[in-house]
Amino acid sequence: MWLLHEDLGKPGDELKFSHVGKGRDTEKKPNPLVRVGMTDFSERRHFVMQALSKLVQIESLEVIGAVVDKKKSFGPPPMHHALTVLFERAELSLQDKNTHGLMFCDDENKNEVPLRALLDAGSTNYVKFQNIKETIAFVPSVSSPGVQFADLVAGSIFRAANTGDTGYMEKLMPHVRTDSWGRWRGHGIKMYPTAPFPVEIKKPGA
C-alpha cells in the first residue's frame, strides 16, 4: 500500500482506518498520512480508497465481518459475540474451499485470551472448527500489511453500519462472502443480535 506515495513506508509507518478522521500527527499517536502532507480529510479518504482498490485486486480475497449492537447484545461481552461470528464464518469459508487456514491477529490485541479460548473449545454452538489451524499467530500490525488491511476492512464495515457512509464498503462488496444464492447478509457480514444491515448496500450483480 505504501507504493501509493513515495514518502510513505518508512520504518514504523502503520496505516489505520482511524487515520482518515484524525488530522493530527503526534509522537504518541502518529499519523503517517498527515506527516506527508495529507492534512485534508478528503486526501486521506482518497488514499484509503486507493489502498482498498489495491486490496480487491487479489482474486482470492474474501471478506467476512461482524457488527455487534452493544446496546442489544446480551450474555457474554460484545467482543465474544464478534469473535464467535468471525470464527464461524472463517471456518465455513475454509470448508467451502476444502482447505485449511491460520488466524492472524495484531499482537497488541487485548482479546488474546478469549481468542485462544474460543479456538481451544474446538467449536461454537453451531460450527465445529475443523479447518482452522489449532493456533493463532499474533504479529505486530506495524510489520504486517495484511493485519493493516484487515483494519481497513473492519473500519469500512464499521463506517457503513454506524454512519451510513458506504463508500469504503462498496469497494469491498464484490469480495464479501455469500451463500450459494448470492446472499451476503449473515453469510459474509453478520449483525448480532440478528438484524438487517443498517444501510442498503448491494453486491454487484445482485
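**Close-up views of a predicted model**

**View A. The second largest pocket and its lining in the predicted model.** Twenty residues, written here as 20, line the second largest pocket, and of these His81, Thr84, Glu88, Asn125 and Tyr126 lie nearest its centre. The volume of this second largest pocket is about 440 Å³. Two or more lining residues come from each of H3, helix H4 (112-121) and S4, and H3 gives the most, with six residues. Sorted by class, the lining of the second largest pocket comprises nine nonpolar, eight polar and three charged residues.

**View B. Strand S1 and its pairing with strand S4.** S1 pairs with strand S4 (residues 189-192) in the parallel sense, and the pairing runs over four bridges.

**View C. Two of the aromatic pairs, Phe74 with Tyr192 and Trp184 with Phe197.** The structure holds four aromatic pairs. In the pair of Phe74 and Tyr192, the ring centres are 6.2 Å apart and the planes stand at 40°, so the pair is tilted. This pair links distant parts of the chain, since Phe74 lies in the loop between S1 and helix H3 (78-97) and Tyr192 in strand S4, 118 residues apart. Phe74 is exposed, with a relative accessible area of 55%, whereas Tyr192 counts as buried at 19% relative accessibility, a value that falls under the 20% cut-off. The rings of Trp184 and Phe197 have their centres 5.6 Å apart and their planes at 70°, so this pair is edge-to-face. Here too the pair links distant parts of the chain, with Trp184 in the loop between helix H6 (167-172) and S4 and Phe197 in the segment after S4, 13 residues apart. Both Trp184 and Phe197 are buried.

**View D. Arg45 over the ring of Tyr168.** The charged end of Arg45 sits over the ring of Tyr168, at 4.5 Å from the centre of that ring.

**View E. Backbone geometry at Tyr192-Pro193 and at Asn98.** Most residues other than glycine have a negative phi, and most peptide bonds are trans. The peptide bond that joins Tyr192 and Pro193 is cis, with omega about -10°, and Pro193 is found in the segment after S4. Tyr192, which is in strand S4, is also a member of the tilted aromatic pair with Phe74. Asn98, although not a glycine, has a positive phi of about 55°. Asn98 is located in the loop between H3 and strand S2 (101-106), where Asn98 counts as exposed at 69% relative accessibility.

View F. The C-alpha atoms of Ile58 and His175 are separated by 9.4 Å, although the two residues are 117 residues apart along the chain. From C-alpha to C-alpha, Thr178 and Ser93 are 9.5 Å apart in space, while in sequence they are 85 residues apart.

Note on methods. Residues are numbered from 1 along each chain as its sequence is written. This is a predicted model: local features need pLDDT of at least 70, side-chain atom pairs count only at pLDDT 80 or more; totals for chains, interfaces and linings use all residues. Side-chain values use heavy atoms; hydrogens and water are left out. Two strands pair if DSSP finds at least two bridges between them. Rings of Phe, Tyr and Trp (its six-membered ring) pair if their centres lie within 6.5 Å; planes under 30 degrees apart count as stacked, over 60 as edge-to-face and the rest as tilted. Buried means under 20% relative accessible area, exposed over 50%, partly exposed in between (1.4 Å probe, protein chains only). A charge sits over a ring if NZ of Lys or CZ of Arg is within 6 Å of the ring centre and within 35 degrees of the ring normal. On a 1 Å grid over the protein atoms alone, a cavity is a set of points where a 1.4 Å probe fits but cannot get out, and a pocket is an open set with protein on both sides within 12 Å along at least five of seven lines; lining residues have an atom within 4 Å of a point. Grid points are joined across faces, edges and corners, and a volume is the space filled by probe spheres set on the points. Ala, Val, Leu, Ile, Met, Phe, Trp, Tyr, Cys and Pro count as nonpolar, Asp, Glu, Lys and Arg as charged, and the others, Gly among them, as polar.
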